Amino acid sequence: AGGERFGLRAAAGNLSLAELARARSLTRERGKRLYLTLNAYLRPAEMPELRAYLEQLRHLDLDAYIVADPGVLATVRAVDPQRPLHLSTQANATTAEAVAFWQGAGVARVNLARELTLAEVRAIRAATGVELEVFVHGAMCVAWSGRCLLSAALTGRSANRGACTHPCRWRYVLVEETRPGEHFPVEEDGRGTYLMNSRDLCLVEHLPELLAAGVDSLKIEGRMKSRYYVAAVTRVYRAALDA
């Protein structure tokens, strides 16, 4: 889940402290875990606010925080040292050495960078005992581990603050310097021209290889999605795993 601050779910209808408390109660009743995203990269003025927020969260006893910024990790360790920590894919862990570094900093689970191949995931698994999580379904950003400045440059809304406007998926045309106003479309298919965006990720047919590689957890993109989408996709992956 995302709280009202410090996550990458800026427009997702995030949970207040009272709502997080209710979510904590619901998950406990059902024997499920609840993780909170605190994976934004913070500015200096926000660090005291983070510390105050963590003090408010402590009594909820959430199962883990998902973090990316080393400063956020250090602050959690200072305020709430017993809280389990998971590393967000935003932190861009691409090697066993990086995973070992984060494990040494107190991280219990590492969500690996989305750029890794299956062979690279296997190699990291062979070299470390920390829990490994991988993205299996959802939008794939063309930037390195989702670190993109395009939205911030064009619209003032930062992807690294959870407010991406997805300009990589807009339609673009060519304009020749001496012919302003004349647009030349670059045709790609019948739906339009999409020069910068990648295709969405769907690894449901590759779950046997991922399990054989030693992956502990699968990540399905759910932010900004409908409840129906989240439920349907999760059910498909659950059935595939059970099969």
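Is the crossing of α2 and α3 left-handed or right-handed? It is right-handed. The views below come from a predicted model.

**View 1. Helices α2 and α3 cross at roughly 40 degrees.** Helix α2 covers residues 47-57. Helix α3 covers residues 70-79. Their axes come within 10 Å. Angles under 35 degrees would count as roughly parallel, and those from 65 to 115 as roughly perpendicular. The two helices are therefore oblique to each other.

**View 2. Residues of α2 meet residues of α3.** From α2 come M47, L50, R51, L54 and E55. From α3 come G71, V72, T75, V76, A78 and V79. Seven residues of this contact are nonpolar. Two are polar, and two are charged.

**View 3. The second largest pocket has a volume of about 240 Å³.** In its lining are 15 residues. Closest to the pocket centre are L116, V121, F135, L203 and L210.

**View 4. The lining of the second largest pocket, sorted by class.** Nonpolar residues number 11. Two lining residues are polar. Two others are charged.

Note on methods. Residues are numbered from 1 along each chain as its sequence is written. This is a predicted model: local features need pLDDT of at least 70, side-chain atom pairs count only at pLDDT 80 or more; totals for chains, interfaces and linings use all residues. Side-chain values use heavy atoms; hydrogens and water are left out. Axes are lines fitted to C-alpha atoms, for helices over the stretch in contact, and angles run from 0 to 180 degrees between N-to-C directions. Helices (H or I, at least four residues) and strands (E, at least two) are DSSP runs, numbered from the N terminus. Angles under 35 degrees count as roughly parallel, over 145 as roughly antiparallel, 65 to 115 as roughly perpendicular and the rest as oblique. A crossing is left-handed if the near helix is turned anticlockwise from the far one by less than a right angle, and right-handed if clockwise. Contact means heavy atoms within 4.5 Å. Ala, Val, Leu, Ile, Met, Phe, Trp, Tyr, Cys and Pro count as nonpolar, Asp, Glu, Lys and Arg as charged, and the others, Gly among them, as polar. On a 1 Å grid over the protein atoms alone, a cavity is a set of points where a 1.4 Å probe fits but cannot get out, and a pocket is an open set with protein on both sides within 12 Å along at least five of seven lines; lining residues have an atom within 4 Å of a point. Grid points are joined across faces, edges and corners, and a volume is the space filled by probe spheres set on the points.
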